[in-house]
Amino acid sequence: MSDMTTLKPNQLDALREVANIGAGHAATALSQMTGNTIMITVPKINVTRLEDVPAQLDSEDEPIAAVLMHMMGDLTGRTLLIFPQPTAVRMAELMLRRPIGSSRDLGVIEQSAIKEAGNILAGAYMNALSEFMGLMLLPSPPSLHIDMSAAILTTTHLQFGSDKDQVVSVETEFMLKDAGEHLRGFFLLLPDAASLQAILRAVRLA
Amino acid sequence: MSEIRVKVADFAVAGTGAVIATIGLGSCVAIALYDPLARVGGLAHILLPSVGMSQDRENRAKFAGTAVPLLIEQMRAIGGRVERMRAKIAGGASMFTALLPTSGIQMGERNILATRDALTRAQVPLISEDVGGDHGRSVYFDVTTGNVLVKSLRRGDVTI
């Protein structure tokens with residue numbers, strides 16, 4: 001576990017670079033899906049105690065839509081795509097080619113569209129990673145949950161994380177300019193501890 | 001009325017006039033202990049069933065097994081008596097259930113079981129609970145009345 005907290009600057013840089021490649025491909029996919037320009041931020045690497053998992057959103061009880069997928073193969077972990085609920089509704093409209101404001105809520109079809117967005121994004125991200133690092137990565141089917149942001153984030157780590165003390169997340173923020181409005185979402189790569197080392201080995205920085 | 005916010009793996013105790021709140025419980029459990037005569041209450045937001053699952057041995061509020069004795073001690077210090085204490089608990093949900101392994105009990109369930117067990121060992125009766133399911137909860141414990149308001153996005157509000 002000590003290796004997680006003692007990542008060296010060049011290792012952090014390498015992880016950011018790996019994440020950037022993944023997120024770049026994911027953004028291209030999202031852009032094609034929605035017909036909009038997508039901007040991404042430089043990935044942030046958070047190494048924290050489980051109880052201090054950083055909130056991506058302003059409020060702990062803000063409703064979010066989150067798509068979780070397992071990452072399997074040479075690396076194990078999870079990917080989590082997060083949208084504030086109103087953004088999720090708008091994303092579903094974009095994907096379903098519906099006019100702005102035509103959907104009020106996340107019904108079955110909207111939920112399915114959001115899951116598909118998660119699927120495509122995580123797929124593009126993992127594909128890019130596996131090509132870059134020469135590793136085999138396989139995504140599981142997506143699972144969607146709509147709930148309070150803090151509940152979803154903590155529970156994701158608690159239920160699925162291999163480590164119950166330290167957690168690592170590689171976070172990229174997506175921004176989409178739509179009808180003058182800035183929509184934002186987050187893509188989190190949550191590698192298991194051993195996989196973090198495997199990534200560093202793959203880029204020869206272990 | 002003053003609201004005290006309890007973060008994940010944290011706790012607070014207070015007397016009458018206070019509301020102790022914790023926001024966004026998923027598979028975590030909120031444990032509320034109350035001495036109705038002294039009107040002293042305590043609330044812990046536990047993350048894990050027992051210290052055995054963690055390297056962190058320092059923070060007693062993080063685990064069901066250690067949070068219950070911690071709350072009792074701290075409530076005693078401000079006038080609570082253990083023989084009068086009653087417990088209410090909320091949380092212990094499971095999320096993304098489609099991705100969970102089908103065998104074995106889930107973390108939320110383990111937290112609930114460990115909490116009930118810790119209360120039994122401390123001989124504090126559990127009088128009410130809102131646990132399990134697949135939805136997040138926020139908890140507002142009114143120390144003046146002993147009422148615990150449990151809010152959720154999809155199941156509405158209940159008072160336990």
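**View 1. Chain B as a whole, in a predicted model.** Following the sequence, chain B runs β-β-β-β-β-α-β-α-β-β-β-β, which amounts to two helices and ten strands; helices (H or I, at least four residues) and strands (E, at least two) are DSSP runs, numbered from the N terminus. The radius of gyration, taken over C-alpha atoms, is 15 Å for chain B, close to the 15 Å that the globule rule gives for 160 residues, so chain B is as compact as a globular protein of that length. That rule is 2.2 Å times the number of residues to the power 0.38. Along its principal axes, the C-alpha trace of chain B spans about 45 × 35 × 25 Å. Of the 160 residues of chain B, 54% count as buried, meaning under 20% relative accessible area (1.4 Å probe, protein chains only).

This is a predicted model, in which local features need pLDDT of at least 70 and side-chain atom pairs count only at pLDDT 80 or more, while totals for chains, interfaces and linings use all residues. Residues are numbered from 1 along each chain as its sequence is written, chains are lettered from A and ligands numbered from 1 in the order in which they are written, and side-chain values use heavy atoms, with hydrogens and water left out.

**View 2. The open five-stranded sheet of chain B.** Here the strand order is β1-β3-β8-β9-β10, with mixed pairing; two strands pair if DSSP finds at least two bridges between them. At the edges stand β1 (2-5) and β10 (156-159) of chain B, each with a single partner strand, so one side of each has no neighbour in the sheet. From one strand to the next, the twist averages 20 degrees.

**View 3. Strands β8 and β9 of chain B.** Four bridges join β8 (residues 137-142) and β9 (residues 148-152) of chain B in the antiparallel sense. Look for B:Ser138, whose bridge partner in β9(B) is B:Lys151.

**View 4. Strand β2 of chain B and its partner.** The covered face of β2 (residues 11-15) of chain B holds B:Ala12 and B:Ala14, and the uncovered one B:Phe11, B:Val13 and B:Gly15. β2(B) pairs with β5 (residues 40-46) of chain B in the antiparallel sense, over five bridges. Within β5(B), B:Gly42 stands opposite B:Val13.

Terms used. Axes are lines fitted to C-alpha atoms, for helices over the stretch in contact, and angles run from 0 to 180 degrees between N-to-C directions. Buried means under 20% relative accessible area, exposed over 50%, partly exposed in between (1.4 Å probe, protein chains only).
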